Amino acid sequence: QFNLGNPHKDFTHILDLQTMNAIQIRDNALESSRTTLNRQLANALGKEAYFMKVRVYPHQVLRENAMATGAGADRFQQGMRMNFGNPISTAARVFVGQKIMEIRVNKENLRLAKEALKAASYKMPTPCRIVAELVTVAVKAAPA
C-alpha cells in the first residue's frame, strides 16, 4: 500500500521527506520507513487524522553474479563470461531534492508528523530533509 490514512479529508499542511543525494533506495528500506511512519502516526493520531503517500516506486531490478568460494571453485566457475546475474532485490532511483514521502495533516498535528518523518528518515540510506508547506484552500464563490 502506498496511500495510507484518510485521502478524502482536506488538510492544511503538507510535509515532504526529500533526499539530499542522488541514490538508489532498496525496497526493504522504503517498506521499513513506511511502516515506521504509519505506525507512529496511527498510534498518535488515529487513522482519520492524516494522509500519507509514498511518492517513489522500486522499479529498478538489482542483480548479483554470485561467485563460488572454497576449494575447487576455480575448476567450474566461468567468472564474468556471459554474465547477467540473478535478481536479488528492487530499488527506486531518486534524485537530489526528490520527494520520497508526503504527509498531509492539520496544524495541531504538525509537530507529531515532523517527529514521525524524522524517525522514518533514519531508515533511509541517505540524508533527508523535511519540507513543510501550507496548503492554500480556494474559496468558492457564492452562486449568483
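**View 1. Helix α3 and the elements that cover it.** In this predicted model, α3 has 12 residues and reaches 16 Å from its first C-alpha to its last, close to the 16 Å expected at 1.5 Å a residue. If you look along the helix for buried positions, you will find Leu110, Ala113, Ala116, Leu117, Ala119, Ala120 and Ser121. An α-helix has 3.6 residues a turn, so residues three or four places apart point the same way. The cover over the buried residues of α3 includes β2, α1, β7 and β8 (128-134).

**View 2. Alanine 113, a buried residue of α3.** Alanine 113 sits in helix α3, and with a relative accessibility of 0% it counts as buried. Which residues does alanine 113 contact, leaving aside its neighbours within four places in sequence? They are Leu15, Leu41, Ile103 and Val105. Alanine 44 makes a handy landmark here: 69 residues separate it from alanine 113 in sequence, while their C-alpha atoms are 9.4 Å apart in space.

View 3. Is asparagine 109 buried or exposed? Its relative accessible area is 13%, so it counts as buried, the cut-off being under 20%. Beyond its neighbours within four places in sequence, asparagine 109 is in contact with Leu45 and Ala49.

**View 4. The largest nonpolar core.** In soluble globular proteins, nonpolar side chains tend to be buried together. The largest nonpolar core in this model has 27 residues, and the members that touch the most others are Leu37, Leu41, Ile100 and Ile103. At least two residues of this core come from each of β2 (13-19), α1 (27-45), β4 (51-54), β6 (86-94), β7 and α3.

**View 5. Strand β2 between two partners.** β2 is mostly covered, with 7 of its 7 residues buried. Which residues of β2 point one way, and which the other? His13, Leu15, Leu17 and Thr19 point one way, Ile14, Asp16 and Gln18 point the other way, and all are buried. β2 pairs with β7 in the antiparallel sense over 6 bridges, and 7 bridges join β2 to β8, again running antiparallel. To find your bearings, follow histidine 13 to valine 105, which stands opposite in β7, and glutamine 18 to lysine 99, likewise opposite in β7. For the β8 pairing, leucine 15 has alanine 132 as its bridge partner.

**View 6. Strand β7 and its pairing with β4.** β7 is also mostly covered: 5 of its 7 residues are buried. How many bridges join β4 to β7? There are 4, and the two strands run antiparallel.

**View 7. The open sheet of β3, β6 and β5.** This open sheet of 3 strands has the order β3-β6-β5, with antiparallel pairing. β3 (23-26) and β5 (60-64) are the edge strands, each pairing on one side only. From one strand to the next, the twist averages 50°. α1 packs on the sheet, where it touches β3 and β6, and its direction makes about 65° with that of β3. Between β5 and β6 there are 5 bridges in the antiparallel sense; to spot one of the residue pairs, look for arginine 63 and its bridge partner in β6, proline 87.

**View 8. Stepping back to the chain.** The secondary structure comes to 3 helices and 8 strands, and from the N terminus on the elements run β-β-β-α-β-β-α-β-β-α-β. Of the 144 residues, 36% count as buried. Among contacts in the chain with a separation of 6 or more, 87% are accounted for by residues 24 or more positions apart. The chain exposes about 9400 Å², and carbon and sulfur atoms supply 52% of it.

Terms used
Residues numbered from 1 in each chain as written. Predicted model: local features only at pLDDT ≥ 70, side-chain atom pairs only at ≥ 80, totals over all residues. Heavy atoms only, no water. Buried < 20%, exposed > 50% of the residue type's maximum accessible area, 1.4 Å probe, protein only. Contact = heavy atoms within 4.5 Å. Core = buried A, V, L, I, M, F, W, Y, C linked by side-chain atoms within 4.5 Å. Expected span 1.5 Å × (residues − 1). Pairing = 2+ DSSP bridges. Axes fitted to C-alpha atoms, helices over the stretch in contact; angles between N-to-C directions. Areas by Shrake-Rupley, 256 points an atom, 1.4 Å probe, with all protein chains shown as cover.
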